[in-house]
Amino acid sequence: MKVRRCRGAGFALHWGPAFRLGVAALVQITSPAFKQNAARALADAGLQKALGKAKGAFLQRRAEAVARLPEFEALRDIGRDIKNHTLANLDAYLETYAANVERAGGTVHWCSTAEEARAAVLGICQRAGARTVTKGKSMISEEIAVNDHLEAHGITPVETDLGEYIIQLRREHPSHIIAPAFHLNREDWEADFRRMHTDLDPNRVFAERRDILTEARTKLRERFLAADVGITGANFLIAETGSSVIVTNEGNGDLTQTLPRVHIALASIEKVVPTLEDATSLLRLLARSATGQDFSVYTTFSTGARRPADLDGPEEYHVVLIDNGRSNMIGSEFQDMLRCIRCAACMNHCPVYGATGGHAYGWVYPGPMGSVLTPSLVGVDKAAHLPNASTFCGKCESVCPVKIPLPKLMRHWREREFERHLTPSAVRSNLALWAWFAKRPGMYRAATRAAVGALRLIARGRGALRSLPLAGGWTEGRDLPVPEGGTFMSRYAKQQRGR
Amino acid sequence: MSKDAILGAIRRGLKRGPLPADQRAMIDGRLASHPRHLIPARSRLPRPEQVALFVANVGKEFGTVARVADADAVPTAIAAYLAQQNLAPRFVLAPHPDLAALPWASAPMLEFEARRAQPDDLVAVQHGYAAIAETGTLMLPSGPERPTTLNILAETEIVVLRASRIVGAYEEAWDLLRDGRTGGFMPRNVMLVTGPSRSADIEQTLELGAHGPRRLHVILIDDDPAALPAP
């Protein structure tokens with residue numbers, strides 16, 4: 001098994017099979033093996049069952065929530081504009097944000113890389129004398145692999161989001177950015193709980209999903225009360241007030257950030273927005289796009305540490321503010337990606353994600369947003385397959401709450417891949433051949449006419465070809481529909497004559 | 001230092017140095033005036049309908065509401081709810097002066113302590129600062145009189161709310177909190193709570209009662225004559 005260490009960004013992740021076996025290895029980005037990952041995913045009956053169950057629910061709930069709010073489309077434009085304004089002044093808003101955190105008694109740790117962020121978190125935990133750390137759901141914590149780092153230094157991190165909790169028990173990684181256990185079935189939950197919660201009656205009955213939830217609630221309650229430090233992510237940072245915002249349905253994030261003596265919020269630099277009003281407009285989009293709720297159950301704004309007369313709340317409040325490659329996206333053709341509010345609507349609506357699930361993408365962020373973000377953060381040399389794993393149906397862009405042109409950005413990555421000669425030579429020579437014809441319309445039409453004729457001849461009346469000489473690789477995964485009539489140009493000419 | 005490196009990289013991407021003074025002034029102006037964006041029409045209603053929308057939305061999110069005519073009726077409403085749910089008449093109470101002033105003698109079976117919540121508290125009675133009709137959301141800012149632990153530790157949360165504190169949209173609730181001040185007005189913690197705790201992590205199917213309260217009950221004091229339902 002190859003161990004990869006990523007240039008520049010300094011990731012340390014176990015991924016895929018190495019992790020499942022509990023092998024302590026350094027980074028494993030399996031994005032280069034996307035094709036093999038996808039083939040394995042398609043053949044995984046359990047995964048396909050889970051995907052089949054989950055897919056429809058998200059789409060329907062989002063559609064219903066959008067239908068209940070006539071202003072939803074107008075809010076998408078507003079969301080895009082708020083994020084664009086912030087990104088164009090990101091340095092100024094970050095400075096204001098950090099000054100306001102400090103004014104409220106918090107500390108901001110600026111971190112350029114994942115390594116710096118891991119070191120900052122560990123330092124805070126060690127100074128607090130921490131033995132256990134509870135964690136709310138945070139994708140950036142996956143990105144910087146902070147759990148492994150804490151464990152390696154004798155501190156036990158405990159994931160408290162229900163989905164993240166079982167993922168940690170299984171020593172896997174989330175397969176979805178808001179539903180980490182998207183790939184699991186109820187039977188998996190029951191089996192893992194019996195395997196891990198060995199102090200409970202082995203003959204207990206899980207009659208309903210609720211029984212699984214109740215057992216997790218009881219188990220995690222002990223952890224919440226014992227933790228020395230609580231680590232959460234942040235959906236937004238607010239420059240005006242110096243607040244970090246988390247959005248949850250379970251309440252685990254609030255227990256995590258309220259009960260321990262120290263609260264650490266992990267956030268990447270593009271999470272900042274100017275004001276409470278800006279955050280509010282984006283919050284109107286977030287839950288509807290994500291889970292199809294009008295609003296999540298708990299939307300919580302944290303500003304600094306416990307105030308003098310307060311009866312509860314953490315005594316220390318830290319923000320670990322992480323760049324990890326994002327500042328390089330500013331001013332590039334990928335800047336639009338920094339508008340992302342991590343709602344997961346793009347992956348919920350993606351036919352490729354729906355077929356393979358999230359693990360096949362091989363790194364932290366799956367689906368269309370991952371196909372754009374992963375090459376930006378880990379390098380197109382490792383992640384070139386991802387922007388190619390798209391049917392370009394455009395559904396992702398049409399549901400994105402901040403209107404990120406995801407297909408266009410994936411096309412930019414394909415261009416970069418081509419420029420950097422990462423595209424296989426067969427593809428390159430075929431593209432060159434196509435370009436030669438495309439520049440000569442007469443030749444192009446003659447060639448396409450010949451090709452249509454040849455295909456019809458080979459097809460002998462069938463509607464689609466299961467295999468094609470010289471294109472076995474292409475037809476291995478799909479059938480080629482046979483052209484029904486002549487070329488577009490010949491039909492167009494005929495129609496014009498008929499007028 | 002990483003701060004300089006990050007800000008420097010952003011400025012290189014934006015092809016400029018630190019913002020010139022006039023543009024910085026524009027940013028500071030936007031922060032100070034915090035302009036509102038589009039507010040959905042659904043909460044732009046006459047007062048009685050606005051309160052009714054709040055009540056309907058709490059119900060839609062699996063919470064419950066009991067409307068009482070005045071603050072004096074709150075203790076008996078709490079007792080009635082606990083009895084109806086088969087819960088012992090015992091709770092932790094937010095140490096808020098409005099709650100301390102309620103006529104507790106009218107429901108002598110109730111036992112309570114005014115303090116932060118502890119892990120073995122089964123019921124918490126919280127003071128509702130404000131509420132947002134748009135989505136049936138309670139606004140619960142932290143402070144000595146409204147500890148955050150009351151929102152999350154107990155299995156049953158009861159929130160005592162005055163109808164006069166129900167607004168249409170979130171933006172109006174932020175303005176209540178700002179109350180004319182700019183900067184430094186945010187309490188340590190502001191929770192916006194919409195229904196009881198839940199999770200859909202098991203097969204994307206909704207189950208109530210994840211880590212926070214399984215039940216959320218609002219006792220709504222009809223203190224606003226303009227907001228009463230039509231007779």
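This is a predicted model: local features need pLDDT of at least 70, side-chain atom pairs count only at pLDDT 80 or more; totals for chains, interfaces and linings use all residues.
In chain A, strand β7 (residues 262–268) runs parallel to strand β10 (residues 316–322), and seven bridges join the two. Within this pair, A:His263 sits opposite A:Tyr317 of β10(A). β7(A) and β10(A) belong to an open sheet of six strands, ordered β1-β10-β7-β4-β2-β3 in chain A and paired in parallel. At its edges lie β1 (107–111) and β3 (156–159) of chain A, each with pairing on one side only.

Another set of strands in chain A pairs the antiparallel way. Strand β5 (residues 236–238) of chain A and β6(A) are antiparallel partners over three bridges, with A:Ile238 facing A:Ser243 of β6(A). The two strands make a hairpin with four residues between them, and A:Gly242 in its turn takes a positive phi of about 70°. As for strand β6 (residues 243–248) of chain A, six of its six residues are buried, so the strand is largely enclosed by the rest of the structure. In a regular strand, side chains alternate between the two faces of the sheet. Here A:Ser243, A:Val245 and A:Val247 point one way from β6(A), while A:Ser244, A:Ile246 and A:Thr248 point the other way, and all of them are buried. β6(A) also pairs with β9(A), antiparallel and over five bridges; there, A:Val247 is found opposite A:Thr299.

From β9(A), the pairing carries on into the other chain. Strand β9 (residues 298–302) of chain A pairs with β9(B) in the antiparallel sense, again through five bridges. One of the residues involved is A:Tyr298, whose bridge partner in β9(B) is B:Val193.

Looking at the whole interface, 62 residues of chain B are in contact with 79 residues of chain A. On the chain B side, the elements that supply two or more residues are α1 (2–14), α2 (21–33), α6 (149–152), α7 (170–178), β9 (189–193) and β10 (198–199). The largest share, ten residues, comes from α1(B). Sorted by class, this side of chain B has 27 nonpolar, 21 polar and 14 charged residues.

Helix α1(B) packs with helix α5 (residues 90–103) of chain A at an angle of about 155°, their axes 9 Å apart. The angle makes α5(A) roughly antiparallel to α1(B). The residues doing the touching are A:Leu90, A:Asp91 and A:Leu94 from α5(A), along with B:Leu7, B:Ile10 and B:Arg11 from α1(B). That gives this contact four nonpolar, no polar and two charged residues.

Helix α7(B) is also worth a look. B:Tyr170, B:Ala173 and B:Trp174 are buried in this helix. They span an arc of only 105° around the axis, which puts them on the same side of α7(B). The buried residues of α7(B) pack against α13 (276–290) of chain A, together with β5 (130–132), β6 (137–141) and β8 (166–167) of chain B. Just past the helix, B:Asp179 has a positive phi of about 45°.

As for chain B overall, it holds seven helices and twelve strands, and its C-alpha atoms fill a box of roughly 70 × 40 × 40 Å along the principal axes. Of the 231 residues in chain B, 45% are buried. Among chain B contacts between residues at least 6 apart in sequence, 73% link residues at least 24 apart.

Terms used. Residues are numbered from 1 along each chain as its sequence is written. Chains are lettered from A and ligands numbered from 1 in the order in which they are written. Two residues are in contact if their C-beta atoms, placed from the backbone, lie within 7 Å. Ala, Val, Leu, Ile, Met, Phe, Trp, Tyr, Cys and Pro count as nonpolar, Asp, Glu, Lys and Arg as charged, and the others, Gly among them, as polar. Two strands pair if DSSP finds at least two bridges between them. Axes are lines fitted to C-alpha atoms, for helices over the stretch in contact, and angles run from 0 to 180 degrees between N-to-C directions. Angles under 35 degrees count as roughly parallel, over 145 as roughly antiparallel, 65 to 115 as roughly perpendicular and the rest as oblique. A residue is buried if 20 or more other C-beta atoms lie within 10 Å of its own, exposed if 12 or fewer, and partly exposed in between; C-beta atoms are placed from the backbone. The arc is that of the directions from the helix axis to the C-beta atoms.
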